[in-house]
Amino acid sequence: MDVALLHGLLLLLILPVLLYRYCATFHYFCKVTFFNLWVLAMATLLSPFAAIRGRCVENMKLLCAAIRPLKHLYGIKIEVLGAEHLNLKEPYVIVCNHQASLDLMGMVEVIPKRCVPIAKKELLYMGTVGWACWLSGIIFIDRQRTGDAIDVISQTAETIRRENLRVWIFPEGTRNQSRSMLPFKRGAFHLAVQAQVPIFPIVISPYWDFFSSKEKKFTPGTFTIRVLPRIETRGLSPKDVPELTETVRKTMVDVFSEMSSNPCRDWPAELPLLPSTGATKGTDGVWHDEDTTGTSD
Ligand SMILES: CCCCCCCCCCCCCC(=O)SCCNC(=O)CCNC(=O)[C@H](O)C(C)(C)COP(=O)(O)OP(=O)(O)OC[C@H]1O[C@@H](n2cnc3c(N)ncnc32)[C@H](O)[C@@H]1OP(=O)(O)O
Ligand SMILES: CCCCCCCC/C=C\CCCCCCCC(=O)OC[C@@H](O)COP(=O)(O)O
């Protein structure tokens, strides 16, 4: 009886390890859960310290520092090109493509000082994550209430000039892992035109090689972030916003396509600290999925 119990316990211990090793879907969910737990734990740890300072953009530094180690844990290498463009003292608006929550890892690599993201209001209700975001000055919009969202963006146009802030916006408005970018929402461009500040487009290369929520794939990998030169808005008025939006989107889509066909492959991904048994490193130095399940998941 005791031996049977021991065997049962051993199996219970070994089963998750085997599943993690051989079942790609389980592997994916473990990694995604760990990501969310990390964010939640860091937000819980840091919020009391941030609260001492009160709601203030300087708290973004704490949040970014808490997210940075994740790339090492996942064995993800990030290459940044053109970061020098952002060395500008004045306020500006950053627009960036939005593939997944993983974008946080890229965002913390390039986000300049005194920069706050615009986020969906739902984040505010995610316990300590919402608290940490609020304390860091993140701007929340209710996507269901267009009028309210526009009001918030209009107020932001005044705030960024008054307080010399930068704003980071995902103009697709939602996560998108398709082969191109979604149509852009115009809020970011209205904001830049109202505040008469430049726009910096940032393009994050596709994650297809190592991450896909549809295929439940999450292996070590490499991605590139390209900061494009500034686009001026001085002298533009609201009637110019549709054309400005399309011009910026086209520029970003072209860069995204170019990055898709020329992924950065000349350097190996970092060795992950988290065991990543679902992938193997090929002779080309790049990590590949190991289809151990036969399901190609
Ligand atoms: C350790 C702890 C770590 C914690 C980590 C947390 C990290 C957090 C990271 C956070 C990451 C979080 C990431 C995220 O959460 S991503 C989700 C949130 N981001 C967005 O939604 C992007 C911004 N959205 C927009 O720009 C939309 O346009 C809004 C929401 C404003 C309306 O969208 P909607 O779909 O409802 O309508 P529409 O786009 O068809 O527009 C309707 C009309 O309104 C016009 N219009 C628009 N704006 C303005 C304006 N300002 N002044 C004057 N007019 C304006 C516009 O031109 C159009 O008119 P017309 O042109 O057709 O005539
Ligand atoms: C008392 C309630 C407690 C709830 C605790 C919830 C814990 C949640 C823990 C971690 C959440 C990590 C959130 C990371 C946020 C990354 C930003 C992001 O990617 O947001 C998605 C948003 O751009 C677009 O959303 P949709 O694609 O439209 O959807």
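Predicted model: local features only at pLDDT ≥ 70, side-chain atom pairs only at ≥ 80, totals over all residues.

User: How many residues surround ligand 2, and which are the closest?

Analyst: A residue counts as near a molecule if one of its heavy atoms lies within 4 Å of it. Ligand 2 is surrounded by 14 residues, and His 98, Lys 120, Arg 143, Thr 174 and Arg 175 are the closest. By class, this shell holds 6 nonpolar, 5 polar and 3 charged residues.

User: What distance separates a polar side-chain atom of Thr 174 from an oxygen atom of ligand 2?

Analyst: For polar contacts, the cut-off is 3.5 Å between N or O atoms. A polar side-chain atom of Thr 174 lies 2.6 Å from an oxygen atom of ligand 2. For Arg 143, the distance from a polar side-chain atom to an oxygen atom of the ligand is 2.9 Å. In the case of Ser 101, an N or O atom of the side chain is 3.4 Å from an oxygen atom of ligand 2. The protein covers 67% of the 770 Å² of accessible area that ligand 2 has on its own.

User: Which residues come nearest to ligand 1?

Analyst: The nearest among the 26 residues around ligand 1 are Lys 120, Thr 146, Lys 185, Arg 186 and Gly 187. By class, the shell comprises 16 nonpolar, 6 polar and 4 charged residues. At least two shell residues come from each of helix 2 (24-53), helix 3 (60-67), strand 3 (115-120), helix 7 (146-162) and helix 8 (187-195).

User: Which atom of ligand 1 is 3.3 Å from an N or O atom in the side chain of Gln 194?

Analyst: That atom is a nitrogen of ligand 1. Oxygen atoms of the ligand are also involved: one is 2.7 Å from an N or O atom in the side chain of Lys 185, and one is 3.0 Å from such an atom of His 190. Of the 1300 Å² of accessible area that ligand 1 has on its own, the protein covers 78%.

User: Where does ligand 1 sit, and where does ligand 2 sit?

Analyst: A molecule sits in a pocket if more than half of its atoms lie within 2 Å of the pocket's grid points. Ligand 1 sits in the largest pocket, and ligand 2 also sits in the largest pocket.

User: How many residues line the largest pocket, and which lie nearest its centre?

Analyst: The lining has 49 residues, with His 98, Ile 118, Ala 119, Lys 120 and Leu 123 nearest the centre. Elements that give two or more lining residues include helix 5 (103-110) and helix 6 (128-135). Helix 2 supplies the largest share of the lining, 7 residues. The lining divides into 33 nonpolar, 10 polar and 6 charged residues, and the space in the pocket is about 1400 Å³.

Terms used: Residues numbered from 1 in each chain as written. Chains lettered and ligands numbered in written order. Heavy atoms only, no water. Polar contact = N/O pair within 3.5 Å; in protein donor to acceptor, adjacent residues only side chain to side chain. Areas by Shrake-Rupley, 256 points an atom, 1.4 Å probe, with all protein chains shown as cover. 1 Å grid on protein atoms, 1.4 Å probe; cavity = no way out; pocket = protein on both sides within 12 Å on 5 of 7 lines; lining within 4 Å. Helix = DSSP H or I, 4+ residues; strand = E, 2+ residues; numbered from the N terminus. Nonpolar A, V, L, I, M, F, W, Y, C, P; charged D, E, K, R; others polar. Points joined across faces, edges and corners; volume = space filled by probe spheres on them.
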